[in-house]
Amino acid sequence: MKKNIGLILTILFFVTTLNSQQTAIRIGYVDSQVILQQLPEAQKIQKELDNLLQKYQAEYDQMVKTYQSKVEEYQKKEAMLNPQAKEQMQREIMELEQKIFEYRNQKLGPQGEFEQEREKRLKPLRDKIIDAIEDVAREEKLNFVFDKAGDVILLYADKQFDITFKVLDKLTRGAKSK
């Protein structure tokens, strides 16, 4: 929330400064959620991703169910098992636990197959959406375009307002003179 307020204050500063210089700033926004909900290509990709996630989740759930059954079986038989049989069942349970952990990381983890597939499928769509936003921004002569879905995100900015290298220059010169 504080980032949003800071960003909005920065924008207002630019607008005020530029308006005082008789320059009109044009700002637009998009709602990326609406775009993703209504774009057939996005809906198709989301359905494919949902199906893939369901597949991975079903496999994971089956592994957990097998693990739980093995633990219950061990608990029921524990008192009657000889030390070697106990050790064998404990080892099997630990192996299942390790497989579940590895599967979850490999398929569903932050760097897992699902996230990689999601990124692979969504990146071209995101690039296409950004290109369309930039085209419309130029056609409408907008200087900035924000996404109102979630956090305020700058999607397009006219390069004439980029002061990155001026700030870097000031910081590096300022650091040298101190």
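The following legends describe close-up views of a predicted model.

View 1. Strand β1 spans residues 27-30. Gly-28 and Val-30 lie on its covered face, whereas Ile-27 and Tyr-29 lie on the uncovered one. In a regular strand, side chains alternate between the two faces of the sheet.

**View 2. The pairing of β1 with β2.** Strand β2 comprises residues 144-147. Four bridges join β1 and β2, and the two strands run in the parallel sense. Within this pairing, Asp-147 of β2 stands opposite Val-30.

**View 3. Helix α5 along its length.** Helix α5 consists of 27 residues, 113-139. From its first C-alpha to its last it reaches 39 Å, close to the 39 Å expected at 1.5 Å a residue. A kink of about 35 degrees is found at Leu-122, shortly before the proline Pro-124. After the helix comes Lys-141, which has a positive phi, near 55 degrees.

**View 4. The buried residues of α5.** Phe-114, Glu-117, Leu-122, Leu-125, Ile-129, Ile-133 and Ala-137 are buried in α5. The elements covering the buried residues of this helix include strands β1, β2 and β3 (153-157), together with helices α2 (32-38), α3 (40-77) and α4 (83-108). An α-helix has 3.6 residues a turn, so residues three or four places apart point the same way.

**View 5. The packing of α3 against α5.** The axes of α3 and α5 are 11 Å apart and form an angle of about 180 degrees. The two helices are therefore roughly antiparallel, a term applied to angles over 145 degrees. Residues making the contact include Ile-45, Leu-49, Leu-52 and Tyr-56 of α3 and Phe-114, Arg-118, Leu-122 and Leu-125 of α5.

Definitions and conventions: Residues are numbered from 1 along each chain as its sequence is written. This is a predicted model: local features need pLDDT of at least 70, side-chain atom pairs count only at pLDDT 80 or more; totals for chains, interfaces and linings use all residues. Side-chain values use heavy atoms; hydrogens and water are left out. Buried means under 20% relative accessible area, exposed over 50%, partly exposed in between (1.4 Å probe, protein chains only). Two strands pair if DSSP finds at least two bridges between them. The expected span of a helix is 1.5 Å times one less than its number of residues. The bend at a residue is the angle between axes fitted to the seven residues ending there and the seven starting there. Contact means heavy atoms within 4.5 Å. Axes are lines fitted to C-alpha atoms, for helices over the stretch in contact, and angles run from 0 to 180 degrees between N-to-C directions. Angles under 35 degrees count as roughly parallel, over 145 as roughly antiparallel, 65 to 115 as roughly perpendicular and the rest as oblique.
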